[in-house]
Amino acid sequence: MFPSNFPLLRISGSFSAYFPKVKLILGLNTYSLFWRKGVYRLMNRFRSILLMFLGVVLGVIPLFAANIFMRDFVYKQGEQHLEQSAQRTLKHSEGLIQLAVDVFSALPHYQVLECGDELQSRFRAMVLRHTTLHDVGLVYNGEFMYCSSLKESTRFYPTSDVVIGSVPHLSYVAVNDGETGKNGVLVKWAISDAVSLGGFILVDAFNLEFMQNEFADLFRMTVSLTNSAQIAETSPESRLLKRAPFSLVKLDPAWTENLITYQQESDRYPITVSVGVPFQAVWDAFSGAMNVINGLGILIGALILIFFMRISLRKPGQYDSIEQGIKRKEFIPYYQPIIDIQNGRLAGCEVLVRWRKADGSIVSPGHFIDIAEASGLARPMTSLLMEKVAQDLSVSYSRHPHLKVAINLFNRHFDDLGIVSEIEQTFGNSGVRFNQLVFEITERQPLENLDRARAIIARMQKLGVRVALDDAGTGHGGFAYLQKLGMNIIKIDKLFVDAITSGCDSVPIVDSLRQMAKGMDMVVVAEGVETEEQLDYLRRTGIDEAQGYIFAPPLPARAYLELVGALGGDANQLDDQETPLIISPDSLVTMPKTQTA
Ligand SMILES: Nc1nc2c(ncn2[C@@H]2O[C@@H]3COP(=O)(O)O[C@H]4[C@@H](O)[C@H](n5cnc6c(=O)[nH]c(N)nc65)O[C@@H]4COP(=O)(O)O[C@H]3[C@H]2O)c(=O)[nH]1
């Protein structure tokens, strides 16, 4: 997992609006990047362009993917065709050589050293019977053939080195008949150190027209000895120019580029067949299918592009809207009452921001707070809220000095001392005194520099302000926060309060948080109290204060002030001790739910 001080990015916006509980956490140090207001602003300004660009990129991907897939498919198809042709040609070539070998093995070896009429007529009979053998005779010193079936003697000029196959007394060499100029392969069966039986196979015997498919006119095929001397070759050029194999044909370089090739070697004789076909030729054969696939790719790409264009044009970036909202002072405080559950009196409230839009709709923080915090806009938003709180509560709170008001800060407020001077300026001359103010710091977000945060908190506390740890037990800090930061109040998260169900005797996490807080002389507040069982348990176990729907939801200023007026009485006539109880010590009497946010 990530180290505890690792900055996290909460992806927010419309995603968290639909799934407020779900927060995607990336293990990337991008928080600080997003924090940089400039980058954020820039990103929002260019949001449309970015989205369009993304649309184009994503739109092109299906097209590319289809083409890459098809290229691979076409390549394999080409290879398959070539494999079949190579196999056929190899079999045929092996057959030719096998014939020569068969001829030698049929001759009576003990007499062949002497060239007589009988031997010569046998040679002739062999040549007649096996038409692929052009000549059979005795070969002296590897080149000179005598006792030949065709003529008295002939000289062969080797065009390759001798290759020995898997049978030791058989050898092969590519040769040129000195007299006729014909090329071929000379297969020799050694019968003494100087003399061999020789069979001459003409290149014409290697029939290479085995490409029985749509690429037949395009392929190039070579049969060669394994010392790479070409025995026979066919290529589009040679066919086109009606030239015999071995003639000097200059290949068109375009033809040899991007060739699909296949090679197969005989395991009986030292011959290899190589086949190649230009990729473009095979690709062209699939042009019909490619048109369909490209069409589909373009369609899918266009749909993706349209989708992104629509998103990019739908609404302005959320950053811009929030910034505008702050300028138009659309962010207002709602107040959720906090009750002292040991004496039943109103203890104060927590300020929870709401976005009152121009059309009168009220938007909950789940829809914008993450982006406001990540972009830094939460700072001017908090300033606006503090001003409103000072305006809303000044008169009422000056009459009820025991009431407190808790305001949420976020981790970037602890980057510098700005928040301290802001508190001084906003509340210094208002009816809300410093000792009525509580500032909440959530444990969900890590504080970058604990020492700096400690110094800022100390300056706040010097004014008389108290500081609370919000969402205790859910996040990064835990005990370390409480100890190091010198908190005054701890707020137990709703998550743990929910664990208090009817009939449960103890909830260890709530109990241990309370014990820890009490050991440090801190006030404990429970959040999100909804049931009488929860309230009963919290009271019994000595939790000081609670807030939740069992008492009231966050209320608009007027409703909260009416509540203060009703429960707080007139400060000129009532002192704090006479504030009416809203929870009787013996039986629980809960306030009616007045107005929902
Ligand atoms: N189910 C249930 N919910 C209850 C109950 N009692 C209170 N709540 C809700 O629980 C949330 C408590 O606030 P939070 O933990 O500080 O969590 C807050 C806080 O993290 C953030 N937030 C709200 N206002 C501000 C603000 O002014 N500044 C900053 N930085 N964050 C704020 O947004 C969060 C959500 O705020 P809200 O939507 O107002 O949601 C509030 C409140 O309306 C209950 O009995 N049952």
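Which backbone oxygen lies 2.8 Å from a polar atom of the side chain of Ser93? The backbone oxygen of Thr89 does. This is a predicted model, and the report starts from that contact.

Ser93 sits in helix 4, which spans residues 47-106. Its relative accessibility is 1%. Buried means under 20%, so Ser93 counts as buried.

The side chain of Ser93 has a polar atom 2.8 Å from the backbone oxygen of Thr89. In an α-helix, residues three or four places apart point the same way, because there are 3.6 residues a turn. Leaving out residues up to four places away in sequence, Ser93 touches Phe206, Val223 and Ile271.

## The ligand shell

The shell around the ligand holds 20 residues. Gln336, Arg354, Asp470, Glu530 and Tyr549 come nearest. By class, eight residues of the shell are nonpolar, four are polar and eight are charged.

Three elements each supply at least two shell residues: strand 15 (345-356), helix 11 (369-375) and strand 19 (466-472). Strand 15 gives the most, with four residues.

What lies 2.5 Å from a nitrogen atom of the ligand? A polar side-chain atom of Glu530 does.

On its own, the ligand has 790 Å² of accessible area. The protein covers 79% of that area.

## Helix 10 and its end

Helix 10 runs over residues 318-327. Its buried residues are Tyr319, Asp320, Ile322, Glu323, Gly325 and Ile326. Charged side chains are therefore among them, namely Asp320 and Glu323.

After helix 10 comes Lys329. The phi of Lys329 is positive, near 55°.

## The protein as a whole

The protein has 597 residues, of which 47% are buried. Its secondary structure comes to 19 helices and 22 strands.

Among contacts between residues at least 6 apart in sequence, 64% join residues at least 24 apart.

Notes. Residues are numbered from 1 along each chain as its sequence is written. This is a predicted model: local features need pLDDT of at least 70, side-chain atom pairs count only at pLDDT 80 or more; totals for chains, interfaces and linings use all residues. Side-chain values use heavy atoms; hydrogens and water are left out. A residue is near a molecule or strand if one of its heavy atoms lies within 4 Å of it. A polar contact is a pair of N or O atoms within 3.5 Å; within protein, one must be able to donate a hydrogen and the other to accept it, and residues adjacent in sequence count only if both atoms are side-chain atoms. Accessible areas come from the Shrake-Rupley method with a 1.4 Å probe; for residues, only the protein chains shown count as cover. Buried means under 20% relative accessible area, exposed over 50%, partly exposed in between (1.4 Å probe, protein chains only). Contact means heavy atoms within 4.5 Å.
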